[in-house]
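Please report on the ligand site and the sheet of this structure. Keep it brief.

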Amino acid sequence: MFESLSDRLAGALKDLRGKGRLSPADIDSTAREIRLALLEADVALPVVRGFVAKVKERAKGAEVSAALNPAQQVVKIVNEELITILGGETRRLRLAKNPPTVIMLAGLQGAGKTTLAGKLAKYLKGQGHTPLLVACDLQRPGAVTQLQVVGERAGVPVFAPHPGTSIGGGENPLGVSASDPVDVARAGIEEAKAKQYDVVIVDTAGRLGIDEELMRQAAGIRDAVNPDETLFVLDAMIGQDAVSTAQAFRDGVGFTGVVLTKLDGDARGGAALSVREITGQPILFASTGEKLEDFDVFHPDRMASRILG
Ligand code: GDP
C-alpha cells in the first residue's frame, strides 16, 4: 500500500534538495509531480486539485526559515496537507451517554463488514465494554454463521435469528420475523437493553454493487435502531470506484464515520486519501488483515508519515 505513491512523492521532493531558494518554476514543477503522483495513486481528481493548489499556495508564501531549508519546508507542507485530507485529528468512536451505544456497519458485500464486526467487538471488549453483535445480514448464505464464528473468536455473544423460527421463542413474544433484518435489528437492541450489553454492533447485508434495495434495507435498519455511529466500511482495494460507492452510501444511508479495510493489500491508496474529503466524514479505524488483531484506530498523522516514508 502506498509504495508507489511514496516513491513518486519522494522523487518529486528530492529534486528540491540542495536548493537554497525555491523559484516559482521550482514550485510549479514540484506541484506538477505531486499532482501526477496522486493521480497515479487513484486519488479523486477534486481532492488532487485542492491538495496541489494548497501546497503550491503555501510553498510560495513560505517564510525563509533558519530551521528548515526550502526542500524541508515543502516536505513539511506536504505532510501537513496529507494529514488534513486524512482528517486532521484522530476521531474516536462516540459512545452514547445512555447505553447501549448502537454502531451500525454498512458497505458493499466483501468490503469486510463481518470481519470488522469481530474486530470492533474484540477491541471494545478489550476496553472494558460488553458488546453484543447482531446479525442482520440475512442475504448472504453463511453470513450469520460467519458472524457467529468471529463472535466466538472475539469472545463476544451474537444475537442471530435461526432460519425459519421467530425471535424470542415459540410464543414469539417479540412478535418479529427472523427473516426481516429490520425486525432482527430491533430485537437485538431490546436484547442488549434487557441483558445490559453496553455496545451493540449491527452487521448488515451488502451487495456486490450499489442498488436501491440494498440502500432501502440499510436505511430501514438505521431508522429502526437509531445508531450513534453508522460506519461505512470501505475496501481500500477498490480504487476509483471508492468515490461513487462512498457517495451512494452517504446519500442512501448516511454515515458518521469510515472504516478502511484491506490496507495490508497493494492498493495504490487513492480510496484512503479521497474518502474523507469526498464524504466529509472522518476515518475512524483501519483494518490491515484477516485476523482479529489486524485492526487499529486510524491516525491521520501516522498515515501521512507512512506515505511520506
Ligand atoms: P462482508 O461481506 O462485508 O461482511 O466482508 P467479510 O468480512 O466477509 O470479508 C470479505 C473477505 O475479506 C474475507 O475473506 C475477509 O477475510 C477479508 N478481509 C476482511 N478485512 C480484511 C483486511 O483488512 N485485509 C485483508 N487482507 N482481508 C480482509
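## Model and ligand shell

This is a predicted model. Around the ligand there are 17 residues. Those that come nearest are Gly110, Thr114, Thr115, Ser287 and Glu290. By class, the shell holds nine polar, six charged and two nonpolar residues. Helix α5, residues 113-126, gives the most to this shell: four residues.

## Polar contacts and cover

For Lys113, a backbone N or O atom lies 2.8 Å from an oxygen atom of the ligand. For Lys262, a polar backbone atom is 3.0 Å from an oxygen atom of the ligand. Asp264 uses its side chain: a polar atom there lies 2.8 Å from a ligand nitrogen atom.

On its own, the ligand has 580 Å² of accessible area, and the protein covers 81% of that.

## The sheet

Strands of a sheet pair through backbone hydrogen bonds, either parallel or antiparallel. Here, eight strands form an open sheet with mixed pairing. Their order is β3-β2-β4-β1-β5-β6-β7-β8. The edge strands are β3 (158-159) and β8 (295-297), and each pairs on one side only.

Strands β1 (residues 101-106) and β5 (residues 229-235) run parallel, joined by four bridges. Leu105 stands opposite Leu231 in β5.

## A helix on the sheet

Helix α7, residues 181-195, packs on the sheet. This helix touches β1, β2 (131-136), β3 and β4 (199-204). The direction of α7 makes about 165 degrees with that of β2.

Technical notes
Residues are numbered from 1 along each chain as its sequence is written. This is a predicted model: local features need pLDDT of at least 70, side-chain atom pairs count only at pLDDT 80 or more; totals for chains, interfaces and linings use all residues. Side-chain values use heavy atoms; hydrogens and water are left out. A residue is near a molecule or strand if one of its heavy atoms lies within 4 Å of it. A polar contact is a pair of N or O atoms within 3.5 Å; within protein, one must be able to donate a hydrogen and the other to accept it, and residues adjacent in sequence count only if both atoms are side-chain atoms. Accessible areas come from the Shrake-Rupley method with a 1.4 Å probe; for residues, only the protein chains shown count as cover. Helices (H or I, at least four residues) and strands (E, at least two) are DSSP runs, numbered from the N terminus. Ala, Val, Leu, Ile, Met, Phe, Trp, Tyr, Cys and Pro count as nonpolar, Asp, Glu, Lys and Arg as charged, and the others, Gly among them, as polar. Two strands pair if DSSP finds at least two bridges between them. Contact means heavy atoms within 4.5 Å. Axes are lines fitted to C-alpha atoms, for helices over the stretch in contact, and angles run from 0 to 180 degrees between N-to-C directions.
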